[in-house]
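Work through the exercises below with the model open. Try each task before you read its solution.

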Amino acid sequence: MTLDLSGRVAVVTGASRGIGYFVAKELAAAGAHVVAVARTVGGLEELDDRIKADGRGQATLVPLDLADMAGIDRLGGAIHERWGKLDILVANAAVLGVISPIGHVEAKTFEKVMTINVTATWRLIRSVDPLLRLSDAGRAIIMSSNAAHSARAFWAPYAASKAAVETMMRSWAQETESLPLRVNAADPGATRTAMRAQAMPGEDPETLPHPSEIAKRIVPLASPQLKETGLIFQAKHNRFVAYRQPE
């Protein structure tokens with residue numbers, strides 16, 4: 001079934017490149033008005049040109065550094081003033097930090113990872129939660145990573161940040177399970193992105209799926225017909241998986 005998001009408003013962070021760029025493009029292709037958020041103006045303008053060339057959907061460009069917490073608050077206010085609701089949130093923006101022994105991570109690096117990946121995600125949720133509740137079928141997609149569960153050596157800051165956002169997602173999903181709002185995490189898996197190249201500089205990127213492929217699998221989580229909430233969607237396997245208690 002073709003996904004129809006006509007008349008729906010979507011926020012996508014980290015929309016200037018990588019998975020965020022292609023998620024925004026796919027949402028617009030399905031008819032959504034995409035509020036594209038990123039620091040890089042050039043990347044946002046390229047996305048806008050691409051959406052216009054595709055001929056369906058629209059974009060509003062929001063150049064914003066997510067370390068600007070007051071800016072995130074203003075974003076929610078501006079969406080309320082213009083549309084009176086929000087239908088879709090894709091909290092995609094994140095930074096890797098550094099691959100390093102935990103004892104060698106500089107304080108400023110750790111703090112930046114937590115600020116962008118965790119605090120800004122919470123602030124974004126706080127800003128748009130009332131707007132998603134006003135939608136007839138609000139959908140929130142919180143981008144995560146297998147690193148949250150594998151806790152691989154040398155990945156501590158990034159892994160901890162993704163574990164934190166998944167925990168916030170689960171609490172939010174439980175708080176809203178009686179509402180039309182559905183809240184899930186999405187694990188894209190290893191993807192041909194700049195972040196992956198930073199983490200794995202010796203890896204052949206051609207062995208990994210392109211972010212456009214992963215975006216096509218993730219965007220259906222924005223469907224008004226989606227029933228699942230509080231789960232992880234594994235894009236690599238195109239399936240939802242549930243959480244379980246430690247054994």
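Asp48 and Lys52 both sit in helix α2, 4 residues apart, about one turn of the helix. The model is predicted: local features need pLDDT of at least 70, side-chain atom pairs count only at pLDDT 80 or more, and totals for chains, interfaces and linings use all residues. Residues are numbered from 1 along each chain as its sequence is written, and side-chain values use heavy atoms, with hydrogens and water left out.

**Exercise 1. Describe the pair Asp48 and Lys52.**

Step 1. Check the contact. The two side chains form a salt bridge, 3.2 Å from N to O. (A salt bridge is a side-chain nitrogen of Lys or Arg within 4 Å of a carboxyl oxygen of Asp or Glu.)

Step 2. Check the setting. Asp48 counts as buried because its relative accessibility is 12%. Lys52 counts as exposed, at 60%. (Buried means under 20% relative accessible area, exposed over 50%, partly exposed in between, with a 1.4 Å probe and protein chains only.)

Step 3. Recall the geometry. An α-helix has 3.6 residues a turn, so residues three or four places apart point the same way.

**Exercise 2. Which residues of α2 are buried, and where do they pack?**

Step 1. Take the length. Helix α2 covers residues 41-54, which is 14 residues. (Helices are DSSP runs of H or I with at least four residues, strands are runs of E with at least two, and both are numbered from the N terminus.) From first to last C-alpha α2 reaches 20 Å, close to the 20 Å expected at 1.5 Å a residue. (The expected span is 1.5 Å times one less than the number of residues.)

Step 2. List the buried residues. They are Gly43, Leu44, Leu47, Asp48 and Ile51. Seen down the axis of α2, the buried residues fall within an arc of 140°, so they line one face of the helix. (The arc is taken from the directions from the helix axis to the C-beta atoms.)

Step 3. Look at the other side. There, Asp49, Lys52 and Ala53 are exposed.

Step 4. Find the partners. The buried residues of α2 pack against α1 (18-29), β2 (33-38) and β3 (58-63). (Contact means heavy atoms within 4.5 Å.)

Step 5. Leave the helix. Gly55 follows α2, and its phi is positive, near 85°.

**Exercise 3. What surrounds Asp187?**

Step 1. Locate the residue. Asp187 is in strand β6 (residues 182-187).

Step 2. Look for a charge partner. Asp187 is buried yet has no salt bridge. The nearest side chain of opposite charge, Lys236, is 8.8 Å away. (Lys and Arg count as positive, Asp and Glu as negative; His and the chain ends are not counted.)

Step 3. Look for a backbone partner. The Asp187 side chain reaches the backbone nitrogen of Gly189 at 3.0 Å.

Step 4. List the neighbours. Leaving out residues up to four places away in sequence, Asp187 touches Ser144, Ser145, Asn146, Ile232, Phe233, Gln234, Ala235 and Lys236.

Step 5. Follow one of them. Gln234 lies in strand β7 (residues 232-234) and is buried, at 19%. Beyond four places in sequence, Gln234 is in contact with Asp187, Arg239 and Val241.

**Exercise 4. Where do Phe154 and Asn238 lie, and what is the phi of each?**

Step 1. Phe154 is in the loop between α5 and α6. Its phi is near 80°, a positive value in a residue other than glycine. Phe154 is partly exposed, at 46%.

Step 2. Asn238 is in the loop between β7 and β8 (239-241). Its phi is near 55°, a positive value in a residue other than glycine.

Technical notes. Polar contact = N/O pair within 3.5 Å; in protein donor to acceptor, adjacent residues only side chain to side chain.
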